[in-house]
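Thanks for coming. I will walk through one model this morning and keep to what can be read from it.

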Amino acid sequence: MKLYYAPQTRALRPRWLLEELGVPYEIIRLDMSKGEHKKPDYLAVHPHGAVPALVDGDTTLIESAAICAYLADKFPEKRLAPAPGTPARGLYYQWLFYAMATLEPAVLECFLQKDDSVKLAKAKQGFGEVAAVLEKTLAGRQFLLEEFSAADVVVGSMLLWSRMMGLLEGYPSLQAYAGRLTERPAFARARKD
Ligand SMILES: N[C@@H](CCC(=O)N[C@@H](CS)C(=O)NCC(=O)O)C(=O)O
């Protein structure tokens with residue numbers, strides 16, 4: 001498997017997941033400062049010229065959360081996704097989709113409005129509504145589901161970005177969760193270079 005990757009991007013999500021799985025993969029680094037992600041050979045891989053993209057045999061996948069979900073299912077023995085058809089699987093889908101459709105836009109809005117105090121205050125209010133839901137979910141528990149899963153990689157990566165922006169103040173369960181995630185050896189390996 002080949003992962004098209006650039007540091008400090010959403011490509012961290014599948015890389016972290018691959019490290020959690022402990023399976024072999026090849027990293028293809030793109031230097032975004034040189035526009036390598038917009039060159040024709042990469043546009044043939046990812047039609048938007050964005051990262052990540054995963055090539056597995058004849059299959060090419062884009063979208064970080066979809067890649068994480070695919071990889072977790074590809075190696076069921078690693079137990080990073082609940083079995084299809086179970087209630088836990090339903091919650092797993094819920095948090096994956098929540099991350100992409102609800103959490104990420106709220107975090108992104110705070111990032112985009114960081115230089116406009118009025119708009120930032122409104123954006124933080126929107127983020128707060130999402131953070132409150134996750135805070136309640138994670139109070140008194142280690143992970144989103146009974147066991148660590150790919151949903152923690154996707155939701156967690158967004159919360160780590162939120163933490164860097166100072167958005168987790170006042171959310172003790174989210175701060176503790178973010179701390180637990182960064183202590184994982186696979187997370188450290190994914191970020192080592
Ligand atoms: N929804 C996509 C977003 C991918 C995305 O926008 N990646 C950014 C890096 S975080 C990128 O490559 N941007 C460059 C561009 O779109 O030109 C995903 O989660 O994979």
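**A proline in a loop, then the helices**

Pro52 sits in the loop between helix H2 (40-43) and strand S3 (53-56). Helices here (H or I, at least four residues) and strands (E, at least two) are DSSP runs, numbered from the N terminus. The peptide bond that leads from Val51 into Pro52 is cis, with omega near 10 degrees.

Before going on, the ground rules. This is a predicted model, in which local features need pLDDT of at least 70 and side-chain atom pairs count only at pLDDT 80 or more, while totals for chains, interfaces and linings use all residues. Residues are numbered from 1 along each chain as its sequence is written, and side-chain values use heavy atoms, with hydrogens and water left out.

Staying with the backbone for a moment: most residues other than glycine have a negative phi, and most peptide bonds are trans. Which residues other than glycine have a positive phi here? Gln8 is one of them, with phi near 55 degrees, and Arg79 is another, with phi of about 60 degrees. Gln8 belongs to the loop between strand S1 (2-5) and H1. Its relative accessibility is 83%, so Gln8 counts as exposed. The cut-offs are under 20% relative accessible area for buried, over 50% for exposed, and partly exposed in between, using a 1.4 Å probe and protein chains only. Arg79 belongs to the loop between H3 and H4, and because its relative accessibility is 54%, Arg79 also counts as exposed.

Now H1 itself. How many of its residues are buried? Ten of ten, so the helix is mostly covered. The list includes charged side chains: Arg13, Arg15, Glu19 and Glu20 are buried, where charged means Asp, Glu, Lys and Arg, nonpolar means Ala, Val, Leu, Ile, Met, Phe, Trp, Tyr, Cys and Pro, and the others, Gly among them, are polar.

Two packed helices are described by the angle between their axes and the distance between the axes. H1 and helix H3 (residues 64-74) pack at about 15 degrees, with their axes 9 Å apart. The axes are lines fitted to C-alpha atoms, for helices over the stretch in contact, and the angles run from 0 to 180 degrees between N-to-C directions. H1 and H3 are therefore roughly parallel; the class takes angles under 35 degrees, with over 145 roughly antiparallel, 65 to 115 roughly perpendicular and the rest oblique. On the H1 side, Arg13, Pro14, Leu17, Leu18 and Leu21 meet Ser64, Ile67, Cys68, Leu71 and Ala72 of H3, contact meaning heavy atoms within 4.5 Å. By class that contact has eight nonpolar, one polar and one charged residues.

Cys68, in helix H3, is worth a look for those who work with cysteines. Buried or exposed? Cys68 is buried, with a relative accessible area of 0%. Leaving aside neighbours within four places in sequence, Cys68 is in contact with Arg13, Pro14, Leu17, Ala150, Val153 and Val154.

The second pair is helix H4 (residues 87-112) and H5, packed at an angle of about 150 degrees with axes 7 Å apart. That makes H4 roughly antiparallel to H5. Among the residues making the contact are Trp95, Leu103 and Cys110 of H4, and Leu120, Phe127 and Leu134 of H5. The contact divides into twelve nonpolar, three polar and two charged residues. In the loop between these two helices lies Gln113, which counts as buried because its relative accessibility is 17%. Beyond its neighbours within four places in sequence, Gln113 is in contact with Lys119, Leu120 and Ala123.

Last, the core. The largest nonpolar core has 64 residues, and those with the most contacts inside it are Trp16, Leu17, Leu103, Phe127 and Leu134. Such a core is a set of buried Ala, Val, Leu, Ile, Met, Phe, Trp, Tyr and Cys residues joined through side-chain atoms within 4.5 Å. Which helix gives the most to this core? H4 does, with nine residues.

In helix H7 (residues 172-182), Ser173, Leu174, Tyr177, Ala178, Gly179 and Leu181 are buried. Their cover includes helix H1 (12-21), helix H5 (117-138), helix H6 (150-164) and helix H8 (185-190).
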